[in-house]
Amino acid sequence: MLRIAQRSSFLRARLHPGFTAGIAPRARFLTDDARAKIQSAVQATPVVLFMKGTAAQPQCGFSRAAVQVLGLHHVPEDRLKTYDVLADPELRSGIKEFSDWPTIPQVYVNGEFLGGCDILLSMHQSGELEKHLQQAGVIPAPP
């Protein structure tokens, strides 16, 4: 069995020069224009959340959890921008390629990709999210 797997990996590597054993080659679909729009969006506001639905009406539990966690940290509305990926199919697929992260929601702080819902929850539970938001100037540090 192992010999067959090695042989098939070897053949795929020869047929597809960009192939790495165990990692299937991925096509890139994000246009330069779409990449520039996403880059501009993540840099325009201190906290950016790409989610399913809106902050007022999340369309999935993970998006709802991300909104709630940011709310628990009192991220001001003027420092948070959300984008509904369900309203824009190009954004929905493009943001995954842009961040190289397969799931939505996705959170950016000061233009830097922070992670998805699982990362956000983990950072919240450890206290790291509050520190990160304070250091980024999103929320005030305690006196």
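Where is the place of Pro 105? Pro 105 sits in the loop between α4 and β3 (106-109). Keep in mind that this is a predicted model. The points below start with this loop and then move on to other parts of the chain.

**Backbone features to look for**

- Most residues other than glycine have a negative phi, and most peptide bonds are trans.
- The peptide bond from Ile 104 to Pro 105, however, is cis, with omega near 20 degrees.
- Asp 100 also lies in the loop between α4 and β3, and it has a positive phi of about 60 degrees although it is not a glycine.
- With a relative accessible area of 46%, Asp 100 is partly exposed.
- His 74 is not a glycine either, yet its phi is positive, about 55 degrees.
- You can find His 74 in the loop between α3 (61-72) and β2 (80-84), where it counts as exposed at 64% relative accessibility.

**Salt bridges**

- Side chains of opposite charge can pair when their charged atoms come close.
- A search of the whole structure turns up two salt bridges.
- One joins Lys 37 to Asp 33, with the closest N and O atoms 3.5 Å apart.
- Both Lys 37 and Asp 33 belong to helix α2 (residues 32-44), and they are four residues apart, about one turn of the helix.
- Lys 37 is exposed, with a relative accessible area of 56%, while Asp 33 is partly exposed at 49%.
- The other salt bridge pairs Glu 97 with Arg 35, and here the closest N and O atoms are 3.9 Å apart.
- Glu 97 lies in helix α4 (residues 89-99) and Arg 35 in helix α2, so this pair ties together parts that are 62 residues apart in sequence.
- Glu 97 counts as buried at 13% relative accessibility, whereas Arg 35 counts as partly exposed at 32%.

**A buried loop residue**

- Thr 45 is found in the loop between α2 and β1 (47-51).
- Its relative accessible area is 14%, so Thr 45 is buried, the cut-off being under 20%.
- Leaving aside neighbours within four places in sequence, Thr 45 is in contact with Asp 78, Arg 79, Leu 80 and Lys 81.

**Apart in sequence, but what about space?**

- Leu 121 is part of helix α5 (residues 117-126) and is partly exposed, with a relative accessible area of 30%.
- Leu 121 and Ala 65 are 56 residues apart in sequence, and their C-alpha atoms are 8.1 Å apart in space.

Key: Residues numbered from 1 in each chain as written. Predicted model: local features only at pLDDT ≥ 70, side-chain atom pairs only at ≥ 80, totals over all residues. Heavy atoms only, no water. Helix = DSSP H or I, 4+ residues; strand = E, 2+ residues; numbered from the N terminus. Buried < 20%, exposed > 50% of the residue type's maximum accessible area, 1.4 Å probe, protein only. Salt bridge = Lys/Arg side-chain N within 4 Å of Asp/Glu carboxyl O. Contact = heavy atoms within 4.5 Å.
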